[in-house]
Amino acid sequence: MPQENWLRFVNGEPVVQDITPLIYRSWERSLGHNINPTVISHNKFLNDSDLRELRESREDLIRAASSVLPFLFQLLNSCSNFSILLGDKDAFILESLGEGPFLSKAQRIFLSPGGNWGEDVKGTNAIGTALVEDMPVTIHGVEHYVQENHFLTCSAVPIHELNGEVIGVIDISSEIGNQDCTLDIALTGARLIEQNLRNLTIERELKFYKQGTKLALDLLKEGFLSVDRHGMITQINSLGASLIGLKKEDLLGRHVADVLGAPKGWLLNQDILDLRHKDSKGHEVVTHFQRISDNSGNSLGAVGVIQINEQKMDGLGWVGRTSLKSQVILEKAHKAAQTNFSVLLQGQTGTGKEIIARMIHELSLRRNGPFIALNCAAIPSTLLESELFGYADGAFTGARRGGQPGKFELAHEGTIFLDEIGDMPLNAQVALLRLLQEKSLTRIGGKTIQKIDVRVITASHKDLKALVDANAFRHDLFYRLKVVSIDLPPLVQRLEDLPELVIHFIHKACAAIGRPIIEIDDQIHPYFYSYSWPGNVRELENCIAGMVAMCTDSMLTVDDLPKEVRESLSEKDGSEPISMLAHQTRQMILQALIETDGKILPASRLLGISRTTLYRKMKEFNISVPKT
C-alpha cells in the first residue's frame, strides 16, 4: 500500500486514505519544489573550505553535540549499519558517526558532512521534514519523496535554543528493515544537546557578567547597558534608559542596532565602538562599548557606558557623581542655573571651578549667549580695568584705533566668569562694584554709557572672607558676588569619585593620542587613594595622561606611576593604604545616606547595622552628612 500511494502521488493520481497527513504535506511541498521523484539531479554539497567555515559558524552546536554523538553510538551498539548525523538549521550535515557498509551507500547520496538535506533539495526526508514541521519525525522507505532514497529509514528531531528557535537537527539513519534505530534515541540525543547548549549559555553569561562587572563597577553612576553576543540588550540602568530617551522596559530584549544604529557584525569585528545619537533636546549622546570575549577570543557580548557629550567645549561635564560632596555641588549648580544671581565658587586650584561655571551657564536661560572667562591673576593690575571694561579710541598711548571692547561688553546677554577674583586690585574692585550696581559701563577714556546685561560668576582659591577681614577685598563687593556660594572640595575629600575620574581620563588621554583604550591594574588604586593630590583633579588628569603616553603595554601598572605617587605609600609612616574593600564599604555607607537623605537611623536599617556602628564607621571613614 505505501508503494502504491507513492506511485499514485508522483503520477498525479488520487492516493488512498491511510497516508499520514505529515507525509502528504511534505510530498506536496516536494512537488512544489519541482523535485525529480526518481533521482536528485542537483545536490547541494559543500567543499572542504566551505564546510570548515560553516562548522566554525556553528561552533556552539558542534560543542554541545560533541559528547552526545558518542553516547548515542553506545546506545545503538546492538544495531549495525547506521549513521548518527548532526545537521544545522539549514539542513547542512555538520558531523556524522557510524559504522558498516551503510556509510559508503550514504556517501553516494551525499548523506554525509557537507551535504544538504533540506526538503527543497532532497524532497521528503527525516532531516528536512523535521526542520520544516519543527517536530520529531520518522521517514521509512517509500515515504521518502525521491526513489533513490527509498532504501533509507531515518528518524530526526529538531534541536532548539533557549529562546525556542531551531538551531539544528539530530538524525539517525540506516537501511530499511533495521528498526532498532528508534526515534526515542534521537529524542534523547536532541534533549541532551539542548541541555548542553543551555549549559554553554550559562557558562558564557557567568563569564560575561564577571568580566563585565569589572569594567562596569566604576561606571554605574553613568548610563550603563549590556548586550549579549547576538546584540540583544540584556541590562540597562535607569540613567542609561533616560539618556537614550526610552523606558527601560521598552529597551530590554531589543537589538542594539535598532536602538543605537550599531553596524552589522561589530561584535565580531571590533573590541571598542562609540555610537552617537541625538536625544530629544538635541544633545549628542555617546555610548562607549567594549566587547567581552572568552579565552578563545569568541564574543560573549559587550558592555556600554552612555554619556551626554555635554557641550561644545571640551571638559565641560563634571566627572564623578558618586560622592555626596559631588552630588551636593551638582544640585547647587542646577539650582543656581535657574536664577540670574551672582555665584561665587571657592576651592583649591584644580578642583573644577571653571567646569561648574560653564555648567551653570549651559543650564541657564543664557546658554545661547556668550561665555567669557578671564583669570584676574593672569592680567597685570595696570591692564586689568581695560581688559574688563574696554577702552575708547585714543584712551592712551598705543591704544588700538577705534578702541577695544572689554570682556563685559563681549559677555552681553551671556555669562562672564572671573577666576581668581581675590587677586583683583582694589581700584578694579571699585569699578566692578559700580558696574554691578548700575548695570552699565563706560569704556576707559570714553564718554558713552552702555547698558550691560551680564550674569557674573566669580571664583577664588583664596578665602575671600579672610581677605575682607584683612581689608584686602571690599566687603560690599564680596556680598554682592556671593549671593549664591558653592564650595568645591579638594580631591582627597571626594575619593569616591576616583574610579570614574580615572576611567574618564584614560579614555580622554587615549583618544588624544589616537591609541586604543587601555586597562588599569587594580594594584594602582591603593596608590591613588593614598596620595594627597595637591593639584587636585587637574593633577590627576595630567598624571594619567603622562602614564598613558609612556605606557608600552595594554594595561597601566604600578610601574607606570609617577615617582611621587608611587612613593606615597612609604610616606604614610607605616599606616595602611586605603584598601579596595574599605573604599567599597565607604561607598556603601555613602549610598545608604544618599537614599535616606542623610538620616542616620533609616540608613543604618538599610545597611543592616546598628546606629552606633554606623556612627563609628562614619567616623572611621571620615564621612559627614553635608548640609544641602
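What pLDDT does the chain average, and what share of the residues score at least 70? This is a predicted model, and the chain averages a pLDDT of 84, with 87% of the residues scoring at least 70.

Five strands make up an open sheet, lined up as E2-E1-E5-E4-E3 with antiparallel pairing. Strand E2 (93–99) and strand E3 (137–140) sit at the edges, each pairing on one side only. On average, neighbouring strands of this sheet are turned by 15° against each other, direction ignored. Towards E2, helix H5 (residues 68–75) lies across strand E1 (82–88), E2 and strand E5 (166–175), and runs at about 30° to E2.

Alanine 91, in the loop between E1 and E2, has a positive phi of about 75° despite not being a glycine. With a relative accessibility of 2%, alanine 91 counts as buried, because the cut-off is under 20%. Aspartate 134 also isn't a glycine, yet has a positive phi of about 50°; this residue is found in the loop between helix H8 (126–133) and E3. Aspartate 134 is partly exposed, at 38% relative accessible area.

Further along the chain comes the nonpolar packing. In soluble globular proteins, nonpolar side chains tend to be buried together. The largest nonpolar core here has 30 residues, and Leu388, Phe408, Leu418, Ile421, Met424, Leu432 and Phe473 touch the most other members. Elements that each supply at least two residues of this core include strand E12 (371–375), helix H16 (381–389), strand E13 (414–419) and helix H18 (426–438). H18 gives the largest share, six residues. As for leucine 418, leaving aside neighbours within four places in sequence, its contacts are Leu374, Cys376, Leu388, Phe408, Met424, Leu432, Ile457, Thr458 and Ala459. There is also a second, separate core of 29 residues, with Val319, Ala509, Ile520 and Leu540 among them.

Notes: Residues are numbered from 1 along each chain as its sequence is written. This is a predicted model: local features need pLDDT of at least 70, side-chain atom pairs count only at pLDDT 80 or more; totals for chains, interfaces and linings use all residues. Side-chain values use heavy atoms; hydrogens and water are left out. Two strands pair if DSSP finds at least two bridges between them. Helices (H or I, at least four residues) and strands (E, at least two) are DSSP runs, numbered from the N terminus. Axes are lines fitted to C-alpha atoms, for helices over the stretch in contact, and angles run from 0 to 180 degrees between N-to-C directions. Contact means heavy atoms within 4.5 Å. Buried means under 20% relative accessible area, exposed over 50%, partly exposed in between (1.4 Å probe, protein chains only). pLDDT is the predictor's confidence in each residue, from 0 to 100. A nonpolar core is a set of buried Ala, Val, Leu, Ile, Met, Phe, Trp, Tyr and Cys residues joined through side-chain atoms within 4.5 Å.
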